[in-house]
Amino acid sequence: MVDFLQLAVEHEQNVIEWRRHLHRNPELSGREKETAKFVSNVLKSFGVGEVDIVGETGVAALIRGGCAGKTLALRADMDALPGEEKTGLPFSSKNPEAAHLCGHDAHTAILLGVAQILHSLKEKFSGNVRLVFQPAEENLTGAKLMIRGGVLDSPEVDCIAGLHLWPALPAGTVGLRYGASMAAADSVKIEFRGSQGHAAHPHECVDPLLMAGQFLVNVQAIVSREIAPADSAVLSFGKISGGTVGNIIPDKVLLEGSIRTLLPETRERMAAALERFASSAAQGMRGEASVTISRGVPPLASSTELLALFENSAKELLGADRVVHLVAPSMGSEDFAYYLERVPGFFFRIGVARQGELMRPLHSAAFDPDESSFKTGVAVLCRFAMDFLARE
Ligand SMILES: [Zn+2]
Ligand SMILES: [Zn+2]
């Protein structure tokens, strides 16, 4: 077996330089044109032949192995976040309005390193490696764009792997979680309707503000009484609008909120319960309610079988003590879940914390991952690819 740790060390400087270039030149979700051009040029410089720009801001490439076989897709996201970087690093963002605060610059550079190594070893594996450099993860639209662009078809993908830097884990480790690991994110709008009139004559009106008030207090009973304690769900309302002045009871009130769930069945249960709570609050006060749920990203759960295969590859490569089982899922969302709706695969984390240092979280203006972690990401992905696509 090839020594992937050694190979990753040999490619480390390239990966760090690509990452610093991307870090200096961040582009916001949906505007990654220069990033896509850079990625495509780097891939072509290794001799990767089949490189395509997808929808102006994404890049798909294919490395064909020595003979026919399965297809493994590897996905990195490429977009930055709005805001100013405050790391003080010499390769800080040149753009005061955008910065790589979620580490997608590193994801992209790691995948380029993987591409360089796997391309040089292509005669040693069967099947294909599909490289997916995705734009617009932060606004959760890029995965759909890449799927529409055909990255999971021709050749059909048998497994897709995605990664994310993880500041809660030390550099040199990887993290994984079986079952649900990230939440579905849906948004909800609820309109309560009554009938308008004078505040001094409430009996001649039907008051939607009171319906909304009662609903807001009662609705948290869904999470506490209808969702299993060991499961998780979040229901938060962030906006309420209705009415004009203090002495008029308005005819309608609109609530807007966000729903996070970890399991598909919990997602359905939450939607049904919201309908029930809204209509009971309205009907109890002679009013009406309508609930509109906009489905966002689905929950993210890795395939148990493929994650176990990855865990095995990672343990053989890094040692068992460097493969960490994450205890709790994240209630954040990842549009990688859209790929997993279509094909089996898994998601894992790369530890990026420096020893003895309190790590700034993802999306912090001072987020500064330990660059020595990148080679771990490169090595572990190459090793898994080789194990998954081993020639019979
Ligand atoms: Zn992010
Ligand atoms: Zn991210």
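Axes here are lines fitted to C-alpha atoms, for helices over the stretch in contact, and angles run from 0 to 180 degrees between N-to-C directions. Helices (H or I, at least four residues) and strands (E, at least two) are DSSP runs, numbered from the N terminus. This is a predicted model, in which local features need pLDDT of at least 70 and side-chain atom pairs count only at pLDDT 80 or more, while totals for chains, interfaces and linings use all residues. Residues are numbered from 1 along each chain as its sequence is written, chains are lettered from A and ligands numbered from 1 in the order in which they are written, and side-chain values use heavy atoms, leaving out hydrogens and water.

Start with the 8-stranded sheet. This open sheet has the order β1-β2-β6-β3-β7-β18-β8-β17 and mixed pairing. Two strands pair if DSSP finds at least two bridges between them. β1 (50-54) and β17 (323-325) each have a single partner strand, so one side of each lacks a neighbour in the sheet. Direction ignored, neighbouring strands are turned by 25° against each other on average. At one end, β8 (residues 174-176) pairs with β17 in the parallel sense over 3 bridges. There L176 stands opposite H325 in β17.

Two helices pack on this sheet. α3 touches β2 (58-64), β3 (67-77), β6 (126-134), β7 and β18 (345-353), where touching means heavy atoms within 4.5 Å. The direction of α3 makes about 160° with that of β3. α8 touches β7, β8, β17 and β18, and its direction makes about 35° with that of β18.

The axes of α1 (residues 4-24) and α3 (residues 104-120) come within 8 Å and cross at roughly 140°. That makes α1 oblique to α3; angles under 35 degrees count as roughly parallel, over 145 as roughly antiparallel, 65 to 115 as roughly perpendicular and the rest as oblique. Among the residues in contact are W18 and L22 of α1, and I110 and L112 of α3. The contact residues divide into 11 nonpolar, 6 polar and 2 charged. Ala, Val, Leu, Ile, Met, Phe, Trp, Tyr, Cys and Pro count as nonpolar, Asp, Glu, Lys and Arg as charged, and the others, Gly among them, as polar.

α8 (residues 304-318) meets α10 (residues 374-388), with axes that come within 9 Å and cross at roughly 120°. α8 and α10 are therefore oblique to each other. Their contact includes F310 and L317 in α8, and V380 and F384 in α10. It divides into 10 nonpolar, 2 polar and 3 charged residues.

Now turn to the metal. Donors are N, O and S atoms within 2.8 Å of the metal (3.2 Å for Na, K and Ca); water is not among the atoms, so sites may look incomplete. The zinc ion (ligand 1) is 3.1 Å from the zinc ion (ligand 2), and C102 coordinates both. C102 lies in the loop between β5 (98-99) and α3, and H164 in β7 (residues 159-170), so the pair ties together parts 62 residues apart in sequence.

A second open sheet has 4 strands in the order β12-β14-β10-β15, with antiparallel pairing. β12 (233-242) and β15 (288-294) stand at its edges. 9 bridges join β12 to β14 (residues 252-261), and K239 stands opposite E256 in β14. α7 (residues 264-283) lies across β10 (184-193), β12, β14 and β15, running at about 160° to β15.
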